[in-house]
Structure formats: C-alpha cells, structure tokens
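Reader: I'm new to reading structures, and I'd like to know where the labels come from. Can we go through one together?

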Amino acid sequence: MNPRRVAVTGVGVVTPLGSDTTLFFHRLLSGENAITRIDAFDTEAYSVKIAGEIKDFDIHPYVHPRDSQRMDRFCQFGLVASILCFEDASIQLDESEKERFGVILGSGIGGTDTFTKEVIVLHEKGPNRVSPVYIPKMISNIGAAQVAIRLGAKGITSNPVTACATGTNAIGEAFHRIKFGLEDFMLAGGAEAAINPISVAGFANMKALSRQNEHPEKASRPFDLNRDGFVIGEGSGVLFLEEWEHAVGRKAHIYAEVVGYGCSTDAYHITLPEPSGRYQALCMRKAIEEANISVQDITYINAHGTSTPANDATETKAINLLFGEHAKSIHIHSTKSMIGHLLGAAGGVEAVVTALTLESGKIHPTINLETPDPECNLNYTANQMVEAECRYGLSNSFGFGGHNYTILFKKVS
Amino acid sequence: MNTKEILEKAKPIIADKLGINEDEVLESKHFINDLGADSLALVDIIMSLEEVFGMEIPEEDSEKIQTVGQMVEYIANHVK
C-alpha cells in the first residue's frame, strides 16, 4: 500500500486557560498567564508553591458520577479533551469504521494521586481496605481505554510513556498508523494531572521547577536569561487524525496536515539533555526528511521551551545546528510560557496550538522574555504575537530519559 | 441495630458509589440489574459497608449478596 496523507480534522484541549479551543487560542495570542499559587493542596512545607492549575474543572456534564469516581484526574482530563475533539471532528463512524479507529493517549506520570492515597490506606488500614478500583483508576493506559469505551474505538489503543515527550510520541505513532494503512481514524495526544503532593515534591527536589513563588505570573520564562526551571501544569490535548481522502470526501474542516514524525534518543543521561543538541537536531531532521522537504521550508517551531536553563539553551543549539543561518528567520515560541509544562500532555496541547497557528497565521508570544540570554539567540516571538503565513511548522517535545520527538505539520493550501 | 437503621446508614454509601439518589436505594433493588453496579462496584460497596459497620464479610458470603435487602439482612444478622 502506498503511504497515505493524514489530516487533522478535530482538536480538543483541557488547559489552565480553558477547554474551549477557540477561546484558549485567543488567550494565548493575547499573552495571558495561567500560572498561580497552588490551590490543590497545602504547599506550606514545599519549596515550590506555584503551578498552571485547572481551577474550575467539572467532569459531570460528561460522565456519570459512578464512573468519574473511578477515574484519576489525568484520565478525566483526557476523556473530556477527547470527547470535545471527537465532537469537533463532527464525524459519524459506523461499526466497520470503528474497527479501524484507534486511540493513542499517553500519560507521562499516570495516576500518582490515586497511587499516593491508596498507599496511605494500605499503611493506615491494611491491605484489605485498599480500593478494588485502585488499579484500574491508577494505571496510565486507562485514559486510552476510557476514551475507547466512550467513543467505541475498536482499533489500536495504546499509552506511550516517554515523560515530557509522551503527547508528541502518541500523535506521531497515530500519524504513522494512518499513513501506513493500519487504521483510518486516530484520536491521539496526552493527558496529565501531576499537581499533587508526591509529584510536586519529586520534581521540586530534582531542582527542575521554578521557585518564583512570589511572582507566579513571571515564573515560566522560556529562553529568558533569568529562567530558573519549569512550572508544572496539568490538562490534556488531543487531535483527531483522519485519512486525507476520507476527510476531503466528507468535506471535513481540515486544520492542518501531518507530514512528518521524527524520533531520536540522546542515550546520554536520565534527566539532562545531551549538551551539544545534536540528537535533538537529528530528531527534527528526521521529521523534515520524512516530508521530503528542505530545512529552509521550516519557518515556524513550537518549541519544547520549558524554561529550564538546560532545555532552552540546548534546544536553541539544536535549532542552530540543524538550520544554520536560516535558524534566525524561523518564528519560534513556547506555549509553556503561559500555561506551564503539562508534562505528558504538553505535546498534545502544543500540537493543537501548532495546527491552529499554521491555519490562522497568528503566532502567540512567548511571555516573560525580558532579558535576552546570549545562549538563546533566536526569534522567540517575545511578548507580542505576530502574524506570519507559515507553510510548515514543527512541534518539539523532549522527555526525561533523553526521548526526543518532533511532529511536522503542513498548512492546508 | 435493626434492618431499618442499617438501611438508613447504608443508603448514602451505596448511593455515592453508584452515583444515584438515596431514594433509589430500596431493599427490593438488585445491585447489578437495577442500580447499575458492576462486580467491581459491588466489591467497593461491600468494603465500605464493612468499614462503616465494623465487620468483615467473608468472600463466600459476599458473593451471595445480590440485592440491597440481602445486604441489609446479612449485616443485621452478623453485626456485633
């Protein structure tokens, strides 16, 4: 079978800037900050007290209370984003089409909050009191399973776990499932809810998080000289992918085309990126090669841009390494500057942003970029959105463990 | 404790686990066929009731409990 083209025909998000995709995108364009003090638990004893929290999330319009109490927060986010995405695709699938409809929804962390609570039950009340729904609530593949149950997807369901690259990994694999004829429809992305005591303590103690507790709105500052770590966020972002001819045939709204997927591994360190950036560059190059275009064709990158000292400098090196002089003319931005780092969901949300950016020709700003860093010498769309027609855009995600993933989107002409 | 008192105490727990109103929790109701429970929910309900009533319901007994009435009666006969 010849490779097939893949269309993005649905988008869905649950983010600290809301769950209405259009409104979310407008809020990003206007540079709205979503980082605040943490409300979810008492942070008195914590060195980090800030996050990109979803404050007003209500699962009940979507799920019966009997079922929602069996879902960890990450799963609830993933399910709602997927329901919104599937509605956005406005597609009716018959039974045979559902057999070729898959779900790849990843979570980097899974149900850590559920895990923690049941460990406390185990210690305080003994093994016979641990909830019978503990396992199916906690396991990170259950997000994909719950979406499949809800939407009737009978093709592949899977849950890649590649830390902060999970969402991009999921979408890339889903893209290939359709491209190579294994499925016709895929719902793919990531979901994460790790703003809980054990996860914040863990990320804080590895010195990954910003400690700008007194100025949460200034804490996420990708590519700025005074960045001091990422800000943890939560939510979900998913795409509905569809075989191109089918999408055209039903006159679906096509947000963008997926044309490339690159993967590489640093094979270097458990948390630090390989400092030369050559394997991140390799990852982007593979995505570009798959699309059979030249590096000069890339004029827009939704960066991983975490606001950690190491990531932003290394990602910049990688872009310079791959694109040479052309790097300076690429529009780059970081969605994390406004909503924080959604970990396994980041790539999902940022894929939605990348598709909407290509479609609209409006590139949201990277906020808080006030003091240039000599190590970050590119055009990061500092503080003000710009309008630019870009034909191709990359979305980068790099995860702890040295997992590098890039998706390449093409504007619909 | 009589069966009426047990039912009143059990109602909010059963209703909460199944996401239904307390007034739907009647002795005649079958957990799975009438109230939308599955086997996991039934185990979850039994564990919560064990805790509230301070008792252990052995598996060979709990497997026989199918209705709200059977549950209430079992608790009435075994609670200390």
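Reader: What share of the contacts in chain B between residues at least 6 apart in sequence join residues at least 24 apart?

Author: Before the number, a heads-up: this is a predicted model. For chain B the share is 59%. A contact here is a pair of residues whose C-beta atoms lie within 7 Å.

Reader: And what is that share in chain A?

Author: In chain A, residues 24 or more positions apart account for 80% of the contacts with a separation of 6 or more.

Reader: How do you know whether chain B agrees with a compact globule?

Author: You set its radius of gyration against the rule. For 80 residues a compact globule would come out near 12 Å, and chain B has 11 Å, so the two agree. The C-alpha trace of chain B spans about 30 × 25 × 20 Å along its principal axes.

Reader: What does the rule give for chain A?

Author: Chain A has 413 residues, for which the rule gives a radius near 22 Å; the value for chain A is 20 Å, which agrees as well. Its C-alpha trace spans about 65 × 55 × 40 Å along the principal axes. Chain A holds 15 helices and 14 strands.

Reader: Why is Lys98(A) called partly exposed?

Author: Count its neighbours. Lys98(A) has 16 C-beta neighbours inside 10 Å. Buried needs 20 or more and exposed needs 12 or fewer, so with 16 Lys98(A) lands in between and counts as partly exposed.

Reader: Where does Lys98(A) sit, and what does it touch?

Author: Lys98(A) is in helix 4 of chain A, residues 95-98. Leaving out residues up to four places away in sequence, Lys98(A) touches Leu93(A), Gly152(A), Ala153(A) and Lys154(A). As for Glu53(A), it is 45 residues from Lys98(A) in sequence and 34 Å from it in space, C-alpha to C-alpha.

Reader: What makes a group of residues a nonpolar core?

Author: The members must be buried, belong to a set of nonpolar residue types, and be joined through C-beta atoms within 7 Å. The largest core has 118 residues, and those touching the most other members are Cys85(A), Leu187(A), Ala188(A), Leu239(A), Leu241(A) and Ala355(A). Helix 3 of chain A, residues 73-89, supplies the largest share of this core with 11 residues. Both domain 1 and domain 2 of chain A give the core at least three residues each. There is also a second, separate core of 18 residues, which includes Ile6(B), Ile46(B), Leu49(B) and Met71(B).

Reader: Which residues does Leu239(A) touch?

Author: Not counting residues up to four places away in sequence, its contacts include Val8(A), Cys85(A), Ala188(A) and Val352(A).

Reader: Why are strand 5 and strand 10 of chain A called edge strands?

Author: They belong to an open sheet of 10 strands with the order 5-4-6-7-1-8-14-13-9-10 and mixed pairing. Strand 5 (157-158) and strand 10 (331-333) each pair on one side only.

Reader: How do you know that strand 9 and strand 10 of chain A pair?

Author: A pair needs at least two bridges. Strand 9 and strand 10 of chain A have 3 bridges, in the parallel sense, so they count as paired. In one of these bridges, Tyr300(A) has His331(A) as its partner in strand 10.

Notes. Residues numbered from 1 in each chain as written. Chains lettered and ligands numbered in written order. Predicted model: local features only at pLDDT ≥ 70, side-chain atom pairs only at ≥ 80, totals over all residues. Rg over C-alpha atoms; globule rule 2.2 N^0.38 Å. Contact = placed C-beta atoms within 7 Å. Helix = DSSP H or I, 4+ residues; strand = E, 2+ residues; numbered from the N terminus. Domains from an automatic or database assignment.
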